[in-house]
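Please look over the sequence and the structure below before reading on. The text then goes through some of the helix contacts and the nonpolar cores.

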Amino acid sequence: MALLAAKLLLLLSLIRSRPGSAAAVDNCVFLGDEDKNSLHEDGDIVIGGLFPVHYSPVAYLATFKTKPSPFMYKYFRSRALRWVQTMIFAIKEINRSSDLLPLLKLGFHIRDSYDDIPVSLRAAMLLVNGQPERGISPESVQRYKIEGENSVLDLGCAAVNRTVSRVIIGGAGSGVSMALLPSLGSFQIPLVSYFASCSCLSNQREFPSFMRTMPSDLFQIRALARLVSYFSWTWVGIIGVESDYARFAIQLFLQESTHYGVCAAYAHLYPVELNQQALNELVDIIQMSSSKVIINFCSEPEMKVIVKEIQSRNMTGLQWIASEAWSTGKSLWEKSGDILTGTLGFAIRRAATIPGLKQHLTSLKPSHIHETAFFAEFWEELFQCRLNGSVNSHSHGTVSYLDRELCKGTEDLNDVYSSYADVTQLRVSFNVYKAVYLVAHALQDMSSCKAGEGPFLNGSCADPKSFKGWQLIHYMKRANFSLLGENVSFDQNGDPIAYYDLLNWQKMSDGSHHLVKVGFYDASMASGRSLVINDSAIQWPGGQQHKDTPLVRANNMELSFLLLVFLAICFLVGLLFIGEPSDWLCRIRYPAFGISFALCISCLLAKTTVVLMAFRSTLPGRNVMKWFGANHQRASVLLGTLIQVIICVIWLLTSPPHANSNTDYHSTTIIIECATGSEVGFWCVLGYIGILACMCLLIAFLARKLPDSFNEAKFITFSMLIFFAVWITFIPVYVSTVGKYIVAVHIFAILASAFGLLFCIFAPKCYIILLEPEKNNRKSMMQR
């Protein structure tokens with residue numbers, strides 16, 4: 001309906017401004033407000049630009065009693081301002097070139113699309129009509145005509161000193177592009193998008209005037225399906241924002257994934273403006289599903305809202321697969337913590353560099369930007385200051401803005417970080433750069449045409465200074481040129497050949513985040529070789545394995561990690577009992593066994609004692625916990641183990657274990673075995689472990705009724721019971737067994753007791769962390 005209304009209004013304006021109409025001149029009045037968020041430079045051919053510098057409109061309720069105020073927008077996108085500057089830089093670079101368009105000067109007229117369809121339509125009409133200045137006399141109005149194949153658009157309201165745009169680079173989103181094309185396409189005005197990826201836009205019958213330097217989603221979907229299949233993820237969740245982009249993407253993925261045996265756990269679309277009800281519905285679906293792999297087709301603003309809610313619920317262990325719209329969204333790292341660490345996503349090809357762009361971006365100075373709203377707002381927000389005579393209207397009137405100091409004039413973009421000046425990930429910017437050069441090369445080919453040998457009727461050529469839109473589209477679709485080492489060409493649908501970088505969101509040791517390339521997808525290669533992945537370079541979400549969550553913190557994180565290390569040592573000790581005995585192996589075997597289990601039981605004893613004392617210390621007049629701090633806990637573990645070490649040292653110095661040739665069991669068979677040397681030493685080692693276990697069992701039993709969320713007393717009690725059952729069984733079996741079977745008894749006892757400790761202590765926590773993460777939050781902890 002919105003598109004139909006826009007067409008009707010446009011048609012009405014055309015009828016009223018026809019040359020033969022008496023009202024044609026009298027009604028040449030621009031009724032809208034002059035938008036200061038625009039940049040203009042005249043030329044022989046003016047290229048229009050639409051960029052979403054602002055986004056997310058502030059809710060406004062019109063009273064219909066006064067003239068509505070201009071829409072205000074919440075956020076300023078510095079990254080999009082870099083796209084604007086890239087377009088300007090490319091045009092100026094072409095104008096300086098002696099090889100490309102030497103006889104033509106390119107101009108530009110750039111406007112803010114606000115990432116909003118109605119505003120984008122208005123801005124597009126202003127680009128192709130020109131916006132008249134107020135107070136222009138009817139006699140001085142110049143008339144411009146853009147002639148289509150079957151229609152004439154009379155641009156009688158064009159400004160005296162403002163040339164109309166003959167082609168537009170814009171439509172950052174697929175939805176915006178689809179809204180613009182019916183109006184622009186009716187008059188064969190080309191629209192070249194740098195970021196619209198919906199496969200629906202490849203329909204040349206419906207969108208004949210559309211071109212793009214962004215690959216179609218059809219290629220991205222194939223890449224995603226291959227990626228999911230590569231890692232054997234057969235059960236995935238698929239979500240997306242309510243838009244043509246996400247709808248077509250999800251539909252294509254469901255079709256493509258069936259070839260790889262991948263099934264969708266759910267497919268859910270959510271509104272662009274995520275209210276709390278819609279957000280709860282979305283996150284509930286994610287939380288209740290058994291699938292931990294989620295593909296999300298959205299842009300950065302929607303993902304920010306989702307991440308915030310997931311973070312508040314303390315949901316972890318999710319493997320996010322990013323669509324190219326947010327796969328490089330560094331702004332998501334600001335408040336997401338580790339939730340997005342491990343994210344995998346395909347991103348459009350990155351340019352190594354665009355020579356001179358960095359200098360162009362950072363050449364802004366306060367002295368010459370205060371009259372341009374784009375740059376004034378960026379400058380004031382980045383440096384938190386006020387410019388004299390600033391035309392930035394988005395911050396004026398706010399308390400924080402009025403409190404700012406005046407800009408000193410010495411601010412330098414090289415001294416601070418901003419996404420605007422960050423040229424390390426030139427992806428969309430490179431698409432903008434390619435779009436400008438696409439228009440330039442098409443005009444160059446048009447200029448090189450020889451009369452009688454042209455591609456049009458009767459071998460005719462087009463005039464580069466007064467061409468028709470469909471003629472430019474003809475040359476653009478056949479463009480084939482090299483730019484910064486990349487070949488730029490298009491298929492029959494006007495889509496570029498797809499190449500994607502596979503990026504992994506990684507957290508470095510210093511806490512910083514980086515986008516790391518771990519593979520690529522090249523659609524020009526054979527199907528079996530199109531996807532290349534470096535598995536070893538990937539950092540997974542589980543690589544970060546929940547240490548700051550309430551459950552782990554409430555159960556003495558440091559001692560838990562130490563216990564895991566010591567249990568791993570216990571499992572390895574079992575290997576020492578395998579192989580041909582020798583003196584040195586026998587002397588390592590028994591002390592290693594005794595010390596490793598002493599470490600484990602000492603850790604459990606310290607953990608349980610701390611919990612018991614923590615609750616005892618809450619009684620009035622008690623200050624017991626001062627003796628059970630982190631250093632005291634470490635000391636208690638070392639002390640408990642030191643006694644075992646002393647026992648082992650005495651044993652080794654007096655009568656150490658040694659290899660022995662046993663002929664008592666079979667007179668005809670010599671069995672090489674480890675003799676204990678001193679039976680007293682062996683039983684002292686075993687007995688000390690038993691004493692530690694008894695103490696641990698007693699304290700755990702006393703603490704068994706304390707709030708379960710804060711201690712592991714019940715589980716430690718069960719683990720000690722299993723421990724005793726194993727070793728009590730071990731004693732009579734050990735005494736009655738001789739020969740090679742003693743080794744099997746030792747190994748069984750070690751593994752069984754270690755498995756008992758591991759399962760009883762860590763299985764309950766792992767169950768909550770991995771399968772019921774909704775319970776792993778402070779609220780659930782405090783309830784118990």
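Predicted model: local features only at pLDDT ≥ 70, side-chain atom pairs only at ≥ 80, totals over all residues.

Helix α3 covers residues 78-96 and helix α14 covers residues 428-447; their axes come within 9 Å and cross at roughly 30 degrees. Angles under 35 degrees count as roughly parallel, and α3 and α14 are therefore roughly parallel to each other. Their crossing is right-handed. On the α3 side, the residues that meet α14 are R79, R82, W83, T86, M87, F89, A90, I91, E93 and I94. On the α14 side, the partners are V428, S429, V432, Y433, V436, Y437 and A440. Sorted by class, this contact has twelve nonpolar, two polar and three charged residues. An α-helix has 3.6 residues a turn, so residues three or four places apart point the same way.

A second pair is found further along the chain. Helix α20 (residues 679-702) packs against helix α21 (residues 713-736) at an angle of about 155 degrees, and the axes are 9 Å apart. That angle makes α20 roughly antiparallel to α21, because angles over 145 degrees are counted that way. The crossing of α20 and α21 is left-handed. From α20 the contact includes F682, W683, L686 and I689, and from α21 it includes I716, M720, F724 and W727. By class, the contact of α20 with α21 has 21 nonpolar, two polar and no charged residues.

How many residues of helix α15 are buried? In α15, which spans residues 469-477, seven of the nine residues are buried, and the helix is mostly covered. The buried ones are G469, Q471, L472, I473, H474, Y475 and M476. These residues pack against the strands β8 (165-169), β9 (191-193) and β10 (210-212), and also against helix α14.

The last topic is the nonpolar cores. The largest has 137 residues, and within this core M87, F297 and W320 touch the most other members. Helix α14 gives the most to this core, with 13 residues. Leaving out residues up to four places away in sequence, W320 touches I239, I286, I294, N296, M303, I306, I310, W326, I339, L340, T343 and L344. A second, separate core has 54 residues, among them M613, I689, I699 and F724. Of these, I689 belongs to α20 and F724 to α21, and both take part in the contact of those helices.

Notes. Residues numbered from 1 in each chain as written. Heavy atoms only, no water. Axes fitted to C-alpha atoms, helices over the stretch in contact; angles between N-to-C directions. Helix = DSSP H or I, 4+ residues; strand = E, 2+ residues; numbered from the N terminus. Parallel < 35°, antiparallel > 145°, perpendicular 65-115°, else oblique. Left-handed = near helix turned anticlockwise from the far one by under 90°. Contact = heavy atoms within 4.5 Å. Nonpolar A, V, L, I, M, F, W, Y, C, P; charged D, E, K, R; others polar. Buried < 20%, exposed > 50% of the residue type's maximum accessible area, 1.4 Å probe, protein only. Core = buried A, V, L, I, M, F, W, Y, C linked by side-chain atoms within 4.5 Å.
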